[in-house]
Structure formats: C-alpha cells, structure tokens
Amino acid sequence: MERDSLEKIFEKQQELIDFYHSVRKEAYESMDLDQKLFLHAIALQMEVAEFIAGLNWKPWKNKKDLDVEYLKEELVDMLHFWTELCIYLGLSPKEVVEKYMEKNKENKRRQIEGREKEDEYKAL
C-alpha cells in the first residue's frame, strides 16, 4: 500500500532541508530555531503575497484573466514553507491531521453556535 501523501511531502521537504544545510552549512548552522521559524514564516508570507498579486483584487484596475497555473504554483510554494515550519516545530504528518480534524470540528461547532445565536436574536 502506498504511504500517505502528507508523509511523502514531509519526507521530501526534510530531504530538501538536509540538502540546503549541506550546501549552505554556515548560514543554517548560525541560525537558532527562532531565526529559522522567522525566516520561513516571512518566506511563507511572501508566497501568499505573490498569490494575492495574481488575483483581481484591485477594483480600480481592469480585470485580467486569472492565471490558474501560476496560482497553483504559488500554493505549492506556500506548502513548501509551511511544511518546513512544521518540521522545525516537530509537528508530524499524523499530528497535523489530528490537529486539523480537531480544528475543523471546532470551526463547525462555532458556525452552528453562531447560527443558533443569530436565530435567538431574530426571534427577539
């Protein structure tokens, strides 16, 4: 049976981290965990900015056709940095799924409670 895709992604990202550390040894060895997290969070933020730049978010400009392939590429770039942040924090693929499921359930609960409160206010 094929391994979980998220596990594969984490494995490939760890290989990339190891490669970076071997070719840029001095740069990476001089950084502590806080610096690595900061650097990769900024990189993730920049990829989000590149994704946003590909959208028609400016109402004062003429709309352009969305370049869906470009947007997909930016999402994958985000995934690289997001995965690296997970790895640096010791977050395993299994734990990501568990935490995601917990948060998904919580978000749904909030929506249900929010609607119930809206219904209560409407009934007043």
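Which residue forms a salt bridge with Glu98? The partner is Lys94, and the closest N and O atoms of the two residues are 3.9 Å apart. A salt bridge is defined here as a side-chain nitrogen of Lys or Arg within 4 Å of a carboxyl oxygen of Asp or Glu.

The model is predicted: local features need pLDDT of at least 70, side-chain atom pairs count only at pLDDT 80 or more, and totals for chains, interfaces and linings use all residues. Residues are numbered from 1 along each chain as its sequence is written, and side-chain values use heavy atoms, with hydrogens and water left out.

Six salt bridges occur in the structure. Glu98 and Lys94 both belong to helix H5 (residues 93-123). They lie four residues apart, about one turn of the helix. Helices are DSSP runs (H or I) of at least four residues, numbered from the N terminus. Glu98 is partly exposed, at 39% relative accessible area. Lys94 is exposed, at 58%. On this scale buried means under 20% relative accessible area, exposed means over 50%, and partly exposed lies in between (1.4 Å probe, protein chains only).

Helix H5 also carries Glu106, which takes part in a salt bridge with Arg109. Here the closest N and O atoms are 2.3 Å apart. Arg109 and Glu106 are three residues apart in helix H5, so about one helical turn separates them. Glu106 meets Arg110 in a salt bridge as well, at 3.1 Å from N to O. That pair is four residues apart in H5, again about one turn of the helix. Glu106 is partly exposed, with a relative accessible area of 25%. Arg109 is partly exposed at 35%, and Arg110 is partly exposed at 44%. A network of salt bridges links Glu106, Arg109, Arg110 and Glu113.

Helix H3 spans residues 33-53. It has 21 residues and reaches 30 Å from its first C-alpha to its last. This is close to the 30 Å expected at 1.5 Å a residue, where the expected span is 1.5 Å times one less than the number of residues. Buried positions in H3 are Lys36, Leu37, His40, Ala43, Leu44, Glu47 and Phe51. Seen down the helix axis, the buried residues of H3 fall within an arc of 130 degrees, so they line one face of the helix. The arc is taken from the directions from the helix axis to the C-beta atoms. These buried residues pack against helix H1 (5-23), helix H2 (25-29) and helix H4 (68-88); contact means heavy atoms within 4.5 Å. On the other side of H3, Asp34 and Phe38 are exposed. At the start of H3, a side-chain oxygen of Asp32 comes to within 3.3 Å of the backbone nitrogen of Asp34.

Four aromatic pairs were found in a search of the whole structure. Rings of Phe, Tyr and Trp (its six-membered ring) pair if their centres lie within 6.5 Å; planes under 30 degrees apart count as stacked, over 60 as edge-to-face and the rest as tilted. The ring centres of Phe19 and Tyr20 are 6.5 Å apart and their planes stand at 50 degrees, so this pair is tilted. Phe19 is partly exposed at 48% relative accessible area, and Tyr20 is partly exposed at 29%. Ring pairs join Phe19, Tyr20 and Tyr28 into a cluster. The rings of Trp57 and Trp60 have centres 6.0 Å apart and planes at 85 degrees, so the pair is edge-to-face. Trp57 is partly exposed at 48% relative accessibility, whereas Trp60 is exposed at 63%.

Notes: Helix = DSSP H or I, 4+ residues; strand = E, 2+ residues; numbered from the N terminus. Polar contact = N/O pair within 3.5 Å; in protein donor to acceptor, adjacent residues only side chain to side chain.
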